[in-house]
Amino acid sequence: MFPAAIAVLQEDCLVDYRDTLDVMDEATLARRLQHCEGVISQLTDPITASVLNAAPKLRIVAQVAVGIDNIDLAAATARRIVVTNTPGVLTDSTADLTFALLLATARRLSAAERYLRDGKWQRWDIDLLVGTDVHGQTLGIVGFGRIGQAVARRASGFGMRVLCATRTPPPSHLLQELRVQHVPLDTLLINSDFVSLHVPLSAQTHHMIGIDQLARMRRSAILINTARGPIVDEAALTAALEEGMIAGAGLDVFEAEPKVQEGLLQLPNVVLLPHIGSATVATRTRMCVLAAENCATMLRGERPANPVNPQVLA
Ligand code: DGY
């Protein structure tokens with residue numbers, strides 16, 4: 001946690017904080033939470049039903065992230081424990097990183113820098129490290145929440161045509177304002193030069209992009225994932241990249257973080273990042289402070305700003 005957030009908590013709460021990067025397993029977490037009324041969690045913390053059930057006094061799980069797939073939401077709701085997240089404060093940083101990854105993959109930035117650092121650069125060559133244009137291409141955005149919309153705004157600055165696919169169509173004024181066309185997922189996959197994923201991980205979105213979806217994409221297309229790893233069937237993606245079914249991928253998230261498939265590590269046409277979508281000092285500080293405020297507010301008996309299961313507060 002960034003210290004500013006601990007200070008927020010200390011105004012109202014007795015804080016049990018260990019300044020370490022170690023991840024606690026379920027048994028350790030359960031022991032630590034026995035007497036706690038609130039917990040600030042991160043996406044590496046397994047907030048499972050058994051952890052929740054070992055914490056009889058727990059009233060709030062305040063997650064430092066938008067994604068809450070590490071938390072058993074149904075179990076928390078059943079126990080009337082409020083779960084909060086940190087939407088809004090990380091939207092632009094994550095959209096910036098998404099676009100950086102898209103550009104890096106299209107223009108082969110990682111390979112180019114490795115080439116230079118390895119001392120291989122002899123002269124300017126007409127076909128040296130040639131990549132794919134971004135401007136004027138079609139971007140397909142899967143999921144059109146805050147981050148998907150922020151990515152669309154950036155794409156319009158690059159003169160891209162933007163498609164989006166969502167379960168529920170976004171309001172037409174939003175589509176008009178951002179000049180985005182809403183289409184079914186298959187249409188998006190068939191017609192996009194870049195496909196960028198911005199849906200939360202859930203039972204419905206797990207392996208939403210598998211071999212069938214990859215087969216529908218253009219052979220020249222690039223897949224970008226800054227959402228959650230398990231949305232993509234990573235083995236299928238590796239096979240698709242190896243077989244040239246699609247041209248490349250930019251990945252900030254993986255199915256079993258921090259493990260990355262050996263096959264992906266060997267491929268030259270992928271850019272791989274260690275889940276740094278929101279990783280700027282300002283944004284990570286805002287995320288920590290917002291989670292701390294959500295927790296302290298709840299423990300003061302007030303309504304936290306970002307409940308994911310608001311029915312518990314009704
Ligand atoms: C989130 O918020 O879910 C990100 O993955 C962490 O920034």
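**A close look at Asn 70**

Guide: Start with two side chains. Asn 70 and Gln 63 are joined through them by a polar contact of 2.7 Å (N or O atoms within 3.5 Å; within protein, one able to donate a hydrogen and the other to accept it, with sequence neighbours counted only if both atoms are side-chain atoms). The model is predicted, so local features need pLDDT of at least 70 and side-chain atom pairs pLDDT 80 or more, whereas totals for chains, interfaces and linings use all residues. Numbering runs from 1 along each chain as its sequence is written, and side-chain values use heavy atoms, leaving out hydrogens and water.

The Asn 70 side chain also reaches backbone: the oxygen of Asp 45 is 2.8 Å away. Asn 70 sits in the loop between strand S2 (60-63) and helix H4 (73-78) (DSSP runs, helices H or I of at least four residues, strands E of at least two, numbered from the N terminus). Its relative accessible area is 12%, so Asn 70 is buried (buried is under 20%, exposed over 50%, partly exposed in between, with a 1.4 Å probe and protein chains only).

Now the ligand. Around it stand Leu 43, Ala 65, Val 66, Gly 67, Leu 90, Arg 228, His 275, Ser 278 and Met 287 (each with a heavy atom within 4 Å). By class, that shell holds five nonpolar, three polar and one charged residues (Ala, Val, Leu, Ile, Met, Phe, Trp, Tyr, Cys and Pro are nonpolar; Asp, Glu, Lys and Arg charged; the others, Gly among them, polar). From Ser 278, a side-chain N or O atom lies 2.5 Å from a ligand oxygen. Arg 228 places a polar side-chain atom 2.7 Å from a ligand oxygen. Gly 67 uses a backbone N or O atom, at 2.8 Å. Alone, the ligand exposes 230 Å², and the protein buries 88% of that (Shrake-Rupley, 1.4 Å probe).

Next, the rings. The whole structure has one aromatic pair (Phe, Tyr or Trp rings, the six-membered one for Trp, with centres within 6.5 Å; under 30 degrees is stacked, over 60 edge-to-face, the rest tilted). Phe 99 and Phe 158 form a tilted pair because their planes stand at 40 degrees, with ring centres 4.9 Å apart. Phe 99 belongs to helix H5 (residues 91-106), while Phe 158 is in the loop between helix H7 (146-157) and strand S5 (161-165), so the pair ties together parts 59 residues apart in sequence. Phe 99 is buried, at 4% relative accessibility. Phe 158 is partly exposed, at 34%.

Then the cysteines. The disulfide count is zero (sulfur atoms within 2.5 Å). Cys 13 has its closest cysteine sulfur in Cys 295, 5.6 Å away and therefore too far for a bond. For Cys 36 the closest is also in Cys 295, at 9.3 Å, again too far. Cys 13 is buried at 18%, and Cys 36 is buried at 18%.

Last, the backbone. Glu 257 to Pro 258 is a cis peptide bond, omega near 5 degrees. Pro 258 lies between strand S9 (248-251) and helix H12 (262-266), in the loop. Leu 129 is not glycine, yet its phi is positive, near 50 degrees. Leu 129 occupies the loop between helix H6 (109-117) and strand S4 (138-142), and is partly exposed at 23%. His 207 also has positive phi, near 55 degrees. The loop between strand S7 (194-197) and helix H10 (211-216) holds His 207, which is partly exposed at 29%.
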